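Please keep the sequence and the structure in view while reading.

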Amino acid sequence: MRKNSKKVRVHAGFGYDSHRFKKGRKFILGGVEIPHPKGLDGHSDADAVVHAVIDALLGAAALGDIGEHFPDSDPRYKGVDSLKLLAETRRLLGRRWDVVNVDVTVLAEVPKLGPYKNRMRAKLARVLGISVDVVNVKAKTNEGMGFVGKKEGVAVFAAASIEKK
Ligand code: MG
């Protein structure tokens with residue numbers, strides 16, 4: 001018999017997000033405000049790292065996507081701190097799931113994100129109630145190619161795994 005969802009205790013999820021740079025906005029990634037002449041445009045604080053992590057967690061739990069839970073047509077989410085949405089996502093997973101780990105790759109041509117990776121890890125870990133040791137943030141450029149390479153915006157990939165209690 002094939003393994004079914006009762007026997008499989010660890011589920012993996014994947015998330016992606018991108019936002020465009022815009023002047024006059026704060027640049028917030030992974031809950032960390034990063035000095036840069038432009039921020040990211042969006043209805044919320046446009047934190048693409050947190051949004052990708054939310055979709056990875058929702059994916060792992062088969063709970064749909066961020067747009068279903070936090071629609072950008074909803075005025076409650078205008079300018080919202082995306083870490084609050086991450087906390088709400090953790091509540092959606094509820095008592096049924098533990099978060100095992102989170103892994104993030106940020107594609108940004110500018111600015112250099114290396115100095116901020118550990119602070120992003122700490123923010124994500126704290127909101128999810130897990131150790132920073134199981135939260136990873138990687139940053140790279142896109143070698144000048146595409147919208148990331150042209151510095152039009154950033155793209156983020158995230159993976160998460162969760163375990164049934
Ligand atoms: Mg987003």
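Two strands are said to pair if DSSP finds at least two bridges between them. Helices (H or I, at least four residues) and strands (E, at least two) are DSSP runs, numbered from the N terminus. The model is a predicted one, in which local features need pLDDT of at least 70 and side-chain atom pairs count only at pLDDT 80 or more, while totals for chains, interfaces and linings use all residues. Residues are numbered from 1 along each chain as its sequence is written, and side-chain values use heavy atoms, with hydrogens and water left out.

The description may begin with the sheet. Five strands, in the order β4-β1-β7-β5-β6, form an open sheet with mixed pairing. Because β4 (38-40) and β6 (135-140) stand at the edges with a single partner strand each, one side of each is left without a neighbour in the sheet. From one strand to the next, the twist averages 20 degrees; axes are lines fitted to C-alpha atoms, for helices over the stretch in contact, and angles run from 0 to 180 degrees between N-to-C directions.

Strand β5 deserves attention next. Strands β5 (residues 97-107) and β7 (residues 153-164) run antiparallel and are joined by 10 bridges. Within this pairing, Val 99 has Ile 162 of β7 as its bridge partner, and Val 104 has Ala 158 of β7. Strands β5 and β6, by contrast, run parallel and are joined by 6 bridges. Here Asp 103 stands opposite Asn 136 of β6.

Helix α1 (residues 48-60) lies across β1 (10-23), β5 and β7, and runs at about 155 degrees to β1. Helix α3 (residues 82-93) lies across β5 and β7, at about 145 degrees to β5. Contact here means heavy atoms within 4.5 Å.

How many salt bridges are there? The count comes to 5, a salt bridge being a side-chain nitrogen of Lys or Arg within 4 Å of a carboxyl oxygen of Asp or Glu. Side chains of opposite charge can pair when their charged atoms come close. To describe their surroundings, buried means under 20% relative accessible area, exposed over 50%, and partly exposed in between (1.4 Å probe, protein chains only).

One of these pairs joins Asp 74 to Arg 76, at 2.7 Å from N to O. Asp 74 is buried, at 15% relative accessible area, whereas Arg 76 is exposed, at 61%. In another, the closest N and O atoms of Glu 88 and Arg 91 are 3.0 Å apart. These two residues are separated by about one helical turn, because they are 3 residues apart in helix α3. Glu 88 is partly exposed at 30%, and Arg 91 is exposed at 55%.

A further salt bridge links Asp 103 with Lys 138, with 2.7 Å between the closest N and O atoms. Since Asp 103 lies in strand β5 and Lys 138 in strand β6, the pair ties together parts that are 35 residues apart in sequence. Both count as partly exposed, Asp 103 at 27% relative accessibility and Lys 138 at 32%.

Phe 14, Tyr 16, Phe 147 and Phe 157 make a nonpolar surface patch of about 390 Å². Patches consist of residues with over 30% relative accessible area and no salt bridge, with like charges joined within 9 Å and nonpolar side chains (Val, Leu, Ile, Met, Phe, Trp, Tyr) within 5 Å. Phe 147 belongs to helix α5 (residues 146-149) and is partly exposed, at 35% relative accessibility.

Technical notes:
Accessible areas come from the Shrake-Rupley method with a 1.4 Å probe; for residues, only the protein chains shown count as cover.
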